[in-house]
Amino acid sequence: MSDNEDIVAASAEQANTNASPDSVPDANAESKSSVVTERTEEIIPGESEKMVTETIDEDGDVVEETTEVTRKTVKRTMKITETSSTTKTTTLTTPAKLYGKDLSEYDDVDVESLLAQLSPEEITILAKEVDPDDNFLPPDQRCSYECTKDATGPLNRKQLIEHINKQAIETPDQPEFEPYVQGKVRGKKWVPPPRDARDIEAEEQIAIDMGEEYEHALNDATQEEIIDLAAILGFHSMMNQDQYHASLLNKGQPVGLGWDGITKSTQQKLFPMDPPNSTDVEESIKRVKDDDSKLIDLNLNNIKNISDEKLEQLFAALPQNEHLEVLSLTNVGLTDKTALLLAEAIEKSKTLRVLNVETNFISPPVIVRLVQALLKCRTIEEFRASNQRSAVLGNKIEMEITNLVEKNSSLLRLGLHLEFNDARHRVAAHLQRNIDRIRKDLELRLQFRFFNNLHRKSTRIQ
């Protein structure tokens, strides 16, 4: 085989071997074939041709030149086939890595041990780059800015306000491009665009035929009577609150207020501040311990200086008390620690009917613990625990509270903000069933007493 044949054969083999093993050829592959004819001349030793040439030199002598040529012409015909196909390539996405490791390898890393190895300076740098999503931390610990200046002294609010006002007065106002002159319009005055004539004609063509009687009555009506009519028809946007309520209560319209009058805001009614709660906490705890028969309602609302020790004494005395029915602990700084003691006291209470612990610092799991304690105390009819530090309880907590309430047959009113509709509907339906059952029991008792008294009277007459 010649050199040209070797080159053609090698190129064909390379075209077959360059296909990727992962590629998938398309079913609609196209192939093209062509025929190439090549002619080459080869010199073959042993077979030669002799050529005799006679020439005359300068002297006039005849010279014979013999030339021996050995050649061979070879004709080759080759068929070249070209195949085109579609290759599909599948790309595999590598998992995300952090510092050369997969993220799954960091699940078992002990973060506490890593933090313990850091120096105070490194912890400070890390704290500046991380914002802890914890609403229990004060804002100065959550923000990355730290004031390195020394304190100038205690905060004097009055002096601070005076300094701010002085700085505001001394700061010059920004100069105006055109000074203000009364009655002169500065800048370009806005002119409304002309209305379309078709819209004006359409408004003029609108007419309501109410009859001669109603038209005569409206034409002769005064402005106060029209305002009263608008209030009766419910046209609230055409009047203010004073005009509306005056029309409903038939008090007469206020002087100076009409369709063209200046609408002023209603003056707010000032109510005196509620006096602070003057209940003596120590005296109340003593009366609870002594089981005072006159102490039925204990109200400790809005007393913020009650210590945890006093609350613990109060909750420890509740199980032995047999006369206290209402206990209100709104806005007293109740925490999870004291609330758990309250839950234990509720389970042993015999006479408590109403419990109010709104506006405190109780976490959602402890609220579930309090609702669970109501199952053992069958005397509590009303329980309120809304407006805690955690505004949203969550689906899991709300479902737990709903299941506990559905098991309670004595609870009639529940003061909790439930976000999910399913929990609200189930709790409301169960409380209504409890109220209906108690109402039916009360009716049966009254009927029994009525017929019993009627039977006694009949036996006396006989």
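## Helices 12 and 13

The axes of helix 12 and helix 13 (residues 364-373) come within 8 Å and cross at roughly 10°. Helix 12 is therefore roughly parallel to helix 13 (angles under 35 degrees count as such). Axes are lines fitted to C-alpha atoms, for helices over the stretch in contact, and angles run from 0 to 180 degrees between N-to-C directions. Helices are DSSP runs of H or I with at least four residues, numbered from the N terminus.

Contact means heavy atoms within 4.5 Å. Helix 12 contributes residues including Ala339, Leu340 and Ile346. Helix 13 brings Val366, Arg369, Leu370 and Ala373. The contact residues divide into eight nonpolar, no polar and four charged.

## Basis of the model

This is a predicted model: local features need pLDDT of at least 70, side-chain atom pairs count only at pLDDT 80 or more, and totals for chains, interfaces and linings use all residues. Residues are numbered from 1 along each chain as its sequence is written, and side-chain values use heavy atoms, leaving out hydrogens and water.

## Helices 11 and 12

Helix 11 (residues 308-317) packs against helix 12 (residues 336-348) at about 10°, with the axes 9 Å apart. That makes helix 11 roughly parallel to helix 12.

Five strands form an open sheet in the order 7-8-9-10-11, with parallel pairing. Two strands pair if DSSP finds at least two bridges between them. Strand 7 (297-299) and strand 11 (413-415) are the edges. Three bridges join strand 7 to strand 8 (residues 326-328). Leu298 has Leu327 of strand 8 as its bridge partner.

Conventions
Helix = DSSP H or I, 4+ residues; strand = E, 2+ residues; numbered from the N terminus. Parallel < 35°, antiparallel > 145°, perpendicular 65-115°, else oblique. Nonpolar A, V, L, I, M, F, W, Y, C, P; charged D, E, K, R; others polar.
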